[in-house]
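Hi everyone, thanks for coming.

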Amino acid sequence: MSDEPKGAILQRDKLTYAIVPRTPCGLLTPDVLDAVSRVCRKYEVPIIKITSGQRLALVGMKKEAVEPMWEELRLDVGRAVELCVHYVQACPGTAVCRFGLQDSLGIGVAIEEEYVGHDFPAKVKFGISGCPFCCGESYLRDVGLVGTKKGWTLIVGGNSGGHPRIGDVLAEELSTDEAKGLIRKFMEFYRDNSGKRLRVSKFVEKTGIKAIRQAVLG
């Protein structure tokens, strides 16, 4: 059984670790910021990085520091290497942005809460944009939503990695409840029909968007 500390990622030096506290949709509070600042000062964390997934990575700690840091942070682990939903990336949407057409933060937080702790065949990333400017990079995420005047456009199969892919539109003009329900159907279909470690983009390519539409829209 591994003796690696829980909620930690071994770094390339094979000596130090990183931890990633869960920050849904990149949202933080003064209390969270105070806790992070206090812990990082106490344990002399050398690197504090805002990741591309709108999360905080605390990097460079010795093994013995990991457990007490988590105890003092009192934050959930943002799973970053397991086969699960890694993050939901979301723009400000109607909360503050003058261009926002839909509540991207609201639906983003709801989606993350629904899928926290659920395992999937591979890592999954969501991108939620409150308007067609697509600041949430929705077409480049495993599952994406783009807000329009008529509702949500749901995109699946995007990828921004070594084999980039623009996602396919699964459905348009969805209400918030319809969007969440269709995402749920798609994620179940993906979970039940995809091979181990097959990312959503490869699954969509292999299955075909027409077959996916027939399976989840019928």
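Let's start with the salt bridges: the count comes to ten, where a salt bridge is a side-chain nitrogen of Lys or Arg within 4 Å of a carboxyl oxygen of Asp or Glu. Before I go on, please keep in mind that this is a predicted model, in which local features need pLDDT of at least 70 and side-chain atom pairs count only at pLDDT 80 or more, while totals for chains, interfaces and linings use all residues. Residues are numbered from 1 along each chain as its sequence is written, and side-chain values use heavy atoms, with hydrogens and water left out.

As a reminder, side chains of opposite charge can pair when their charged atoms come close.

Take Glu72 and Lys42, whose side chains form a salt bridge at 2.9 Å, N to O. Glu72 sits in helix 2 (residues 63-73) and Lys42 in helix 1 (residues 30-42), so this pair ties together parts 30 residues apart in sequence. Helices here are DSSP runs of H or I with at least four residues, strands are runs of E with at least two, and both are numbered from the N terminus. How exposed are the two partners? Glu72 is partly exposed at 24% relative accessibility, and Lys42 is exposed at 53%; buried means under 20% relative accessible area, exposed over 50%, and partly exposed in between, with a 1.4 Å probe and protein chains only.

Next comes Arg79, which bridges to Asp119 with the closest N and O atoms 3.0 Å apart. Arg79 is in the loop between helix 2 and strand 5 (85-90), and Asp119 is in the loop between helix 3 (104-115) and strand 6 (124-129), so the pair links distant parts of the chain, 40 residues apart. Arg79 counts as partly exposed, at 24% relative accessibility.

Asp168 and Arg165 also pair, with their closest N and O atoms 2.7 Å apart. Is Arg165 buried or exposed? Arg165 is buried at 15% relative accessibility, whereas Asp168 is partly exposed at 21%. There is a network too: salt bridges link Arg22, Asp76 and Glu112.

Now for the helix contact. The axes of helix 5 (residues 200-207) and helix 6 (residues 209-217) come within 6 Å and cross at roughly 95°; axes are lines fitted to C-alpha atoms over the stretch in contact, and angles run from 0 to 180 degrees between N-to-C directions. Helix 5 and helix 6 are therefore roughly perpendicular, a label for angles of 65 to 115 degrees, with under 35 roughly parallel, over 145 roughly antiparallel and the rest oblique.
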